[in-house]
Amino acid sequence: MAGKPNRVVNPQDLEQLAKLLDGRGGMGDRLDEAFTRASALGVSDKLSALRPMRPWISDTAPELRSKAGYARLENGDPLAGLLLAGFTPEQLKNKDLPPDILLVANATASNSEVEDDWLKKKDGETLDDWLVRVQGDAVTQLTGNEKLGKAVATYIEGAANLSAFFTSSTTALLGGKSLISYFKASKVLNAPGTFTARLINGHWDKLSRIPRAGSWLTRVPVSALAGSDEAAMLAGYMRNGALYLPTATEANLLSVAQRGGLGNAAKAAGWMRGLGIVGSAGATVWGVANLATMDHGKAWKEDKAKYLSNWTGTAFNASLTAAMVAPNPVTVGLAVGTGVAYAGTLVWDNWDSISKGAEEATDWVGDKADQAGEAISDGAKELGSALNPFD
């Protein structure tokens, strides 16, 4: 990587210029539109002098962003390393990125003696894919062990997929059961993910008496953890001809906020439900960013299952957020539907690993069964020998 001389330049100006060249509606798009129209009219030869501009745009816009990235790096911008990796400011805007990755990216980019090709965004690589890969590659760079780096990246991706599958499948299962109860027996819907909160609300007296834990559990207000039923009453509504006052896990937080302000909505949500909302909302924002960094045509051709899991995952987290904020048949139904779709695409996307794992598990069980059988057989022989006086 070449050295980085001091520059007197505004990086935002360079990035804006790059956007005008290859951004949506920019010079590149207008040239493509002009070539398309000229072809339809049979006058493409009239624009032949403009054709060299297309590769010039493709080369110049990334160069401008690279120069802007180095300028940001000199100014101490924490996102400079990711901009130099090939992402745009729009793709990174308002994203909650791991600080350790930002440090590694900036440290690598700022050292002219360190090879940084591994940090560059690959063709068709999304922000989500890059974050998984670069963590494994960072381990490879630090240890010199490529296999260890790949193992780390595989573990990170696998753990994320397992967590996503568990969340989506349980939401679909429990949400489906709740909807059936709602339509059959007119039972009130609870917000997804509030099972533990309901358990705490219903059995707090028993939980607070647990030895060792009771000493600190009793000091934590139950409403702070599981939500305030008193605040939730602000979302009361007419049901079957009578006023119904929902519990904390049943309340529509939008209604509480509308009638009692955001403070009461936060009280009604409690720490556990609030954390779930923040998490699913963050995952939705992340999913949107991931889709924004994707070359959709290429991604579909290369891996249809992974492409669909990106879409269904974002849809699931968006619908889960809505259902946790305002539980009703529509939002819960959407969470169930998208949860089924997301779980299904995750299984499809990871089927090779799943089938390989199942095969290895079967082999392991088979080996252990054979060993156990041999041990039992040998033990029986030894027992028989001990009991046989003529042996």
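Reply: The axes of helices H1 and H3 come within 8 Å of each other and cross at roughly 160 degrees, where an axis is a line fitted to C-alpha atoms, for helices over the stretch in contact, and angles run from 0 to 180 degrees between N-to-C directions. The helix names are DSSP runs numbered from the N terminus (H or I with at least four residues for helices, E with at least two for strands). The model is a predicted one, in which local features need pLDDT of at least 70 and side-chain atom pairs count only at pLDDT 80 or more, while totals for chains, interfaces and linings use all residues. Residues are numbered from 1 along each chain as its sequence is written, and side-chain values use heavy atoms, with hydrogens and water left out.

Me: What makes H1 roughly antiparallel to H3?

Reply: Angles under 35 degrees count as roughly parallel, over 145 as roughly antiparallel, 65 to 115 as roughly perpendicular and the rest as oblique. The angle of H1 and H3 is roughly 160 degrees, and that makes the two helices roughly antiparallel. Their crossing is also left-handed, a word used if the near helix is turned anticlockwise from the far one by less than a right angle, with right-handed used if it is turned clockwise.

Me: Why are H13 and H15 given the label roughly antiparallel?

Reply: The axes of helix H13 (residues 253-292) and H15 come within 8 Å and cross at roughly 175 degrees, and H13 and H15 are therefore roughly antiparallel to each other. The residues of this contact divide into 12 nonpolar, 9 polar and 1 charged.

Me: Why do the side chains of Arg 72 and Glu 15 count as a salt bridge?

Reply: A salt bridge needs a side-chain nitrogen of Lys or Arg within 4 Å of a carboxyl oxygen of Asp or Glu, and for Arg 72 and Glu 15 the distance from N to O is 2.7 Å. Arg 72 lies in helix H3 (residues 53-74) and Glu 15 in helix H1 (residues 11-22), so the pair ties together parts that are 57 residues apart in sequence. Both Arg 72 and Glu 15 are buried, which means under 20% relative accessible area, whereas exposed means over 50% and partly exposed lies in between (1.4 Å probe, protein chains only). Glu 15 and Arg 72 are linked with Asp 77 in a network of salt bridges, and the structure holds 7 salt bridges.

Me: What makes Lys 306 partly exposed?

Reply: The relative accessible area of Lys 306 is 22%, and Lys 306 therefore counts as partly exposed. Its side chain meets that of Asp 129 in a salt bridge, at 3.3 Å from N to O. Lys 306 lies in helix H15 and Asp 129 in helix H7 (residues 127-143), so the pair ties together parts that are 177 residues apart in sequence. Asp 129 is also partly exposed, at 23% relative accessibility.

Me: Why is the pair of Phe 316 and Tyr 342 called tilted?

Reply: Rings of Phe, Tyr and Trp (its six-membered ring) pair if their centres lie within 6.5 Å, and planes under 30 degrees apart count as stacked, over 60 as edge-to-face and the rest as tilted. The centres of Phe 316 and Tyr 342 are 5.9 Å apart and their planes stand at 35 degrees, so the pair is tilted. It links distant parts of the chain, with Phe 316 in helix H15 and Tyr 342 in helix H16, 26 residues apart. Phe 316 is buried at a relative accessible area of 1%, and Tyr 342 is buried at 12%.

Terms used:
Ala, Val, Leu, Ile, Met, Phe, Trp, Tyr, Cys and Pro count as nonpolar, Asp, Glu, Lys and Arg as charged, and the others, Gly among them, as polar.
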